[in-house]
Amino acid sequence: LRIGRHDLADGGRVGIETGRHHAQGDVPVGQDPDRLARLVHTAHALVLGGAVAWSVVFWLAGGALSGVLYGRADLAGFVLAMCLTSTLGVLAGMQLVCFRNQGRARAYMAYSTTSLVLETSLTLGLVVLGGAGVWGIPLGGLAGKAVVVTAAWVRLAHELRPGFDRRLAGELLEIGLPLTPRAVVGVADNGVDRLCLSWLASLGQAGFYGLANRIGYSVFALMTSLEQLYIPQLYRLMFRGGAAAGVEIGRYVGPYFYASVLVAAAAVLFVEEALWVLVTPAFWPIKYVAAVLATYYGQLFFGKLVGAQWVYLKKTWYATPVSAVRLVLHLCLTLALIGPLGALGAALALLLAGAIVDGACLVIAQRQYPIRYEWRLVAPVMLLLYASMSWTVLPAFVPVAYPVHLAGRLTLFGGLLAAGARWREPLRVGVMALVRHERTALRASAQ
């Protein structure tokens, strides 16, 4: 349970994420480097200040809090480590936003990919090779994020003179703190599965689930990296074209939808072979949990676009009630499925709750701001993703010979490659255009 996500640092992060859209609209990045420098370093100071304040609280009350969460009073340090890991995640997200808004796709991809690889490697190494057990989850993330965040800040500080602006700090907190209730509900939803596993099963089951989630979450991290390629143009189309831009947006995001789902499907279909290489046989059974979680993160593509639709419509307040509904549904499904299925039941509960709530949000957003998705191509790809997950998880319930299972997985992956043939060339062209744009931006900055 990443308990640190609902602290003041997260409120500052929400404000920074919202405020930087306004800042980017008022002053194009690169025309006012002093303002950008103050914004970046003020945001860092706010998050670090919140982290220090709440770290003291977690340290003093950590014993009681860990007793409530885990049934043990000796995990105060574990709670604090999770808090600090989340805080570094907030800082990493802000740094990536800065690179993205500067048009530096290569830097964005380098830091985000390095963070993903480093955190996953350290976590698996600590758990599997170092014998750190459940402690490997926060410590691996903490060490990996610390390295990447420090390197990125040094680079930004070299380019943007450090400074603090009290007026900007007030603006960021004014925007962000009212959205903190959504962060509170979000952290509860993110941690309800682990909490229920700790209470109803064991702390070991929660750690088992957390390790599988680390593998599944890598899909979401890669999808978020892809998001930085299309989201700036998506907002430009919305704000310049208005409601009439729905058709163009639908065509534009098609290739990125396909790339995101293809990444998720590859993780689902070949997680078993990946685990053979990464971990010892004792951890191979997490393949079923990881496959379900990778599917869940893959289906979140449309949730990213729904968020953009609500930003354009100025209906971001929808986020809190939607998160509350998701939490209630997720909790009910988790309680129902953990008993018979353990960690796999927790993963299935997350998948089902996300599909129901995100599907309803998609319908609502489409009524408010229609985007003409190419459903003739989108629907088969999504069906193949769910079929891939079902086939991968089937041996958990019915014995299936490995050659037969592998043949089925290869067939499904081939079907996905065939279904997205139309989108592969537009995706390549789009990525190359962004790389050229980054080079142009860097030359202009140098001049």
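1. Tyr-111 has a relative accessible area of 16% in this predicted model, and because that value falls under 20%, Tyr-111 counts as buried. Its ring partner is Phe-99: the two ring centres are 5.3 Å apart and the planes meet at 5°, so the pair is stacked. Phe-99 is likewise buried, at 0% relative accessibility. Since Phe-99 belongs to helix α3 and Tyr-111 to helix α4, the pair ties together parts that are 12 residues apart in sequence.

2. A second aromatic pair, Trp-276 with Trp-284, is tilted, with 6.2 Å from centre to centre and 50° between the planes. Trp-276 is partly exposed at 38% relative accessibility, and Trp-284 is also partly exposed, at 30%. Across the whole structure, a search finds 18 aromatic pairs. One aromatic cluster is formed by Tyr-230, Tyr-252, Tyr-256, Phe-257, Phe-301, Phe-302, Tyr-373 and Trp-375.

3. Helix α3, which holds Phe-99, runs over residues 76–101. Its 26 residues span 38 Å from the first C-alpha to the last, close to the 38 Å expected at 1.5 Å a residue. Of these 26 residues, 22 are buried, so α3 is largely enclosed by the rest of the structure.

4. The largest nonpolar core contains 76 residues, and Ile-249 and Phe-257 are the members that touch the most others. Helices that each supply at least two residues of this core include α4 (105–129), α9 (246–278) and α13 (343–368). The largest share, 15 residues, comes from α8.

5. Which residues does Ile-249 contact, leaving aside its neighbours within four places in sequence? They are Leu-234, Leu-237, Met-238, Tyr-369 and Ile-371.

6. With 10% relative accessibility, Asn-213 counts as buried. Its side chain makes a polar contact of 2.7 Å with the side chain of Tyr-297.

7. As to the overall fold, the protein has 16 helices and 0 strands. Of its 447 residues, 50% count as buried. Among contacts between residues at least 6 apart in sequence, 81% join residues at least 24 apart. The protein exposes about 19,800 Å², and carbon and sulfur atoms supply 68% of that area.

Definitions and conventions:
Residues are numbered from 1 along each chain as its sequence is written. This is a predicted model: local features need pLDDT of at least 70, side-chain atom pairs count only at pLDDT 80 or more; totals for chains, interfaces and linings use all residues. Side-chain values use heavy atoms; hydrogens and water are left out. Helices (H or I, at least four residues) and strands (E, at least two) are DSSP runs, numbered from the N terminus. The expected span of a helix is 1.5 Å times one less than its number of residues. Buried means under 20% relative accessible area, exposed over 50%, partly exposed in between (1.4 Å probe, protein chains only). A nonpolar core is a set of buried Ala, Val, Leu, Ile, Met, Phe, Trp, Tyr and Cys residues joined through side-chain atoms within 4.5 Å. Contact means heavy atoms within 4.5 Å. A polar contact is a pair of N or O atoms within 3.5 Å; within protein, one must be able to donate a hydrogen and the other to accept it, and residues adjacent in sequence count only if both atoms are side-chain atoms. Accessible areas come from the Shrake-Rupley method with a 1.4 Å probe; for residues, only the protein chains shown count as cover. Rings of Phe, Tyr and Trp (its six-membered ring) pair if their centres lie within 6.5 Å; planes under 30 degrees apart count as stacked, over 60 as edge-to-face and the rest as tilted.
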